[in-house]
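Opening the notebook on this one. I want to go through the salt bridges, the interface and a few loop residues in turn.

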Amino acid sequence: MNKRKKTLVKRYNLPDMIMHWTVAAGFVLALLTGYAVFFEGTSALLVNEVGNFIRLLHRIGGVLFVVAPILYFIFSKKRFGFLRAFKWNKSDFGWLLAAPKHYFVGGDGMPPQEKYNTGQKLFYLFAVVFGVFLAISGFILWFNWFSATTQLVTLFIHDVSAVLLTLFFFVHVYLVIFHPADRTSFNAMATGYMDREYAKHHHELWYNEVKAQEEKENNHSDFYKKNA
Amino acid sequence: MAKKRDKVILVDTTLCTGCKACQVACKEWHNLPATEFEHVPGTYQNPADRNANTPMLMRFIEQYDKSTDTMDWIFWKDQCMHCTDAPCVEVCPSDALFHHGDGFVGFNQDTCIGCTYCAKVCPFDIPRFEVEAPTGSKRMNKCDFCQDRVTNGEEPACVRTCPTNSLEFDTWQNAVDKAYKRVEEIKDQFPDANVYGDTEMGGLHYIYILTEKPETYGLPVEPKTNELVSFRRDVVKPATELLMGATAVGLLTNLIVSSANYGKEDKEKDEVTTDGDDNHE
């Protein structure tokens, strides 16, 4: 066991991270350009060339946001990983009840969590559901193949989906960058490895699984060493 | 409602000869290039539809009445109607569309970003766009009421050029009064004659004297603004601002409260773990 393995536990592969960061880059690009058009305060910026460039960037962001998960779905072995976001049980409600105290004051009392805790599952759920809404409505708005009224309804769906996802996105970013207890988890998506202590504490069920797997592998290699 | 002193163009379709001088004058004044000829079978209409380079189009409709064995040849001037309650101004994110002081819907093409929101809400399907890949559309174009001429005390180009006085430039109330008087005069010849534009969309800044019912011309009988436009303005946008603000405040509060609390806990923990490490070594 090398030193890295002693303090860290593998959580994400390279494809997972590439997918995540591509989606993130696309989303942020689309978010900034989208709200530049949505909010009236920015209207002074919008003249021909700038406005067209903003609309082009918005489409580039949208394409990244949509294409990355599609490629991931086609090529990654973990293609059905997103289904975890739809698996809910009683302990999730226990988590939701205990979460406010945990995130403000700290302390225990949170039900043991799997690879993704209830909050993460909820964000994942939002991203999948409203991401699909955004993708479809964005596609309809991009190409003027539909009637004016259809497009207006689509614009409404696009607006509302974007707002809901943006709010949750703020929470997501806040937790991994600023929150004193959770910001260490940023490393997991940045490097692929998560702090062992953190994993034990925050994702106990998943950590136990990983540990059992590691032990099995160690025994396995020990077995071969002995017989070599 | 439109103001009495608003500027308005009165269109008397009974005087129109379909000469298209207005269509040409419009293109000339706005310095717009010619477009490819489009043959619309059975009519003199060209091109088939308005486009970014043809913001105003003479439309030709031929109607054969079997009962009397007569042919009706209808033409009308089709362009932005300049609504008083203009939904396009409401949704335009870059203030390219605005309410001009004289009542009509002014248009500053330099700040148009081609978002096509105006086209999604216009009850008359007026906005047309320069096509551009990959975003689909560039600048919009529509009748701007010759705002440069009107602001300087001139008549719009189409009115100026009309050889039959079918087009008249007047104040809103005058034009409406004239229109109703004219309809009375022609009622015998055209029983369906009516005034279009005085009540629609809070009063248009184009008042039409029509010889047939509006639907014959393809004009909406009761044009109205989709409710989503006001819902977007009154609910979606304020709610977005409110929710974003609330989220920001919530997260900031959390940062302050949790930093204080977790700091304490960490210190206690640190002491414990340091002890633990010492024991190990």
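Which residue forms a salt bridge with B:D49, and how far apart are the closest N and O atoms? I looked it up: the partner is B:R59, and the closest N and O atoms are 2.9 Å apart. My cut-off for a salt bridge is a side-chain nitrogen of Lys or Arg within 4 Å of a carboxyl oxygen of Asp or Glu.

Ground rules before I go on. This is a predicted model, where local features need pLDDT of at least 70, side-chain atom pairs count only at pLDDT 80 or more, and totals for chains, interfaces and linings use all residues. Residues are numbered from 1 along each chain as its sequence is written, chains are lettered from A and ligands numbered from 1 in the order in which they are written, and side-chain values use heavy atoms, leaving out hydrogens and water.

I went back to the pair B:D49 and B:R59, which links distant parts of the chain. B:D49 is in the loop between α1 (21-29) and β2 (57-65) of chain B, while B:R59 is in strand β2, 10 residues apart. Helices (H or I, at least four residues) and strands (E, at least two) are DSSP runs, numbered from the N terminus.

Next I checked burial, where buried means under 20% relative accessible area, exposed over 50%, and partly exposed in between (1.4 Å probe, protein chains only). B:D49 is partly exposed because its relative accessible area is 29%. B:R59 has 18% relative accessibility, so B:R59 counts as buried.

Then I looked at B:R50, whose side chain meets that of B:D78 in a salt bridge at 3.0 Å, N to O. This pair also links distant parts of the chain: B:R50 is in the loop between α1 and β2 of chain B, and B:D78 is in strand β3 (residues 70-78), 28 residues apart. Both B:R50 and B:D78 are buried.

A further one: B:R128 forms a salt bridge with B:D125, with the closest N and O atoms 3.3 Å apart. B:R128 is at 15% relative accessible area, so I file B:R128 as buried. B:D125 is partly exposed, because its value is 43%.

I found that these residues belong together: B:D49, B:R50, B:R59, B:D78, B:D125 and B:R128 are linked in a network of salt bridges. Over all chains the structure holds 19 salt bridges.

**Entry: where chain B meets chain A**

How many residues are in contact on each side? I get 44 residues of chain B against 41 residues of chain A, with contact meaning heavy atoms within 4.5 Å. The two chains bury about 3,800 Å² between them, 65% of it on carbon and sulfur atoms. Buried area here is the accessible area (1.4 Å probe) that two parts lose on being put together, summed over both. B:I113, B:K120 and B:Y262 supply 19% of the area that chain B buries against chain A, more than any other three residues.

I counted two salt bridges between the chains. A:E40 forms a salt bridge with B:K237, at 3.1 Å between the closest N and O atoms. On the chain B side that touches chain A, the elements giving two or more residues are α3 (117-121), β7 (136-141) and α7 (227-280) of chain B. α7(B) gives the most, with 22 residues.

**Entry: chain A, overall and one loop**

Chain A comes to nine helices and two strands, in the order α-β-α-α-α-α-α-α-β-α-α along the sequence. The C-alpha trace spans about 70 × 45 × 30 Å along its principal axes. Of the 228 residues in chain A, 40% are buried.

Buried or exposed: what is A:A85? At 1% relative accessible area, A:A85 is buried. A:A85 is in the loop between α3 and α4 of chain A. Not counting residues up to four places away in sequence, A:A85 touches A:K121, A:Y124 and A:L125. I also noted A:A30, which is 55 residues from A:A85 in sequence and 24 Å away in space, C-alpha to C-alpha.

A:L83 is in the loop between α3 (48-75) and α4 (90-104) of chain A, and is partly exposed because its relative accessible area is 36%.
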